[in-house]
Amino acid sequence: MTVHQPIHPAEKRPLTVRLATPRGFCAGVDRAIQIVERAIEKYGAPVYVRHEIVHNRHVVERLKAMGAVFVKELDDCPDDRPVVFSAHGVPKSVPETARKREMLYLDATCPLVSKVHVEAERHFAAGRHIILIGHAGHPEVVGTMGQLPPGAISLIETVEDAEGFDRPGDQPLAYATQTTLSVDDTAEILAALKRRFPELPDPHKEDICYATTNRQEAVKRLGEGCELVLVVGSKNSSNSVRLVEVAMKAGARDARLVDDASHVDWSWLDGVSTLGITAGASAPEKLIVELIEAAGERFAVEVVEDNGARETVTFKLPRVLTT
């Protein structure tokens, strides 16, 4: 992001703002949002979306204004309108039901989440019991566990869960992870599991997605040199919540999750000379710009963009929306 430095009155206190790179939208989020937008363009409003397309209030509200209708389940959708499945993935029963009802559906599941689904099915077919590291109730976890029959997957949320896990019978084991977890926390859980089950194989590829890893590495750098780190993102965004935790572990005196600039309590900046700013993978860059502008109204802001990983990944849209 190019930031133009305004001329500030001398009475404003200096504040260095360090911007994490990368931050904000990842390829999977960008693809999911485009699927909803293009579906509305092609089929007209309303287009139904099962669950929030991504976990960000601003994105959801903008799409609602365009003609998207967000629902909890397919039962809330009519048969004659398109429905989009969210980026987090869905249990197999959802598309099966949509096909039985002859609905037009578009699957916006992130391809990296789909990769975890394929891994789980491969392990199941090989007779392995699958340990899934993730958070109970998160849509991605619900979707992954819903790829296989009940009992085929055991959910592990903490190191304590790993220590107390009992292997079902003499089944060989495999594991997968939710894509938006903390890299460090997941490593601790895996270490506990491998102490108990040394034969546990590594996954074919890393499950925690490149975007999650990159954003956590970027916020670690902020945490090392900033008194306060603000993470722009919604409370139900797993990857955004993890960024706050990572910043604190990296050494930030304080770290806060904010929906947007209006949620900042500016007293948090008392005594702060260097403010770190980043955004979760489902937060629009517009919110970052507005946050910096709000800071500029109160401080003599100097913006420094950190050098981090440059992401060039893109995911194709469904062919039905590009032809």
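How many bridges join β9 to strand β10 (residues 254–258)? The views below take up this and other details of a predicted model, in which local features need pLDDT of at least 70, side-chain atom pairs count only at pLDDT 80 or more, and totals for chains, interfaces and linings use all residues. Residues are numbered from 1 along each chain as its sequence is written, and side-chain values use heavy atoms, with hydrogens and water left out.

**View 1. Strands β9 and β10 run parallel and are joined by five bridges.** Strands (E, at least two residues) and helices (H or I, at least four) are DSSP runs, numbered from the N terminus; two strands pair if DSSP finds at least two bridges between them. Leucine 230 stands opposite arginine 256 in β10. From β9 the chain crosses through helix α9 (residues 238–250) to β10, a right-handed β-α-β crossover (with the strands pointing away from the viewer, the path from the first strand over the helix to the second runs clockwise).

**View 2. Strand β9 (residues 228–232) is mostly covered.** Five of its five residues are buried, meaning under 20% relative accessible area (1.4 Å probe, protein chains only). Leu228, Leu230 and Val232 point one way from β9, and Val229 and Val231 the other way.

**View 3. Strand β9 also runs parallel to strand β11 (residues 274–279), with five bridges between them.** Valine 232 has alanine 279 in β11 as its bridge partner.

**View 4. Residues of helices α1 and α2 meet.** Ile33, Val36, Glu37 and Ile40 in α1 are in contact with Val59, Arg62, Leu63 and Met66 in α2 (heavy atoms within 4.5 Å).

How values were computed: Buried means under 20% relative accessible area, exposed over 50%, partly exposed in between (1.4 Å probe, protein chains only).
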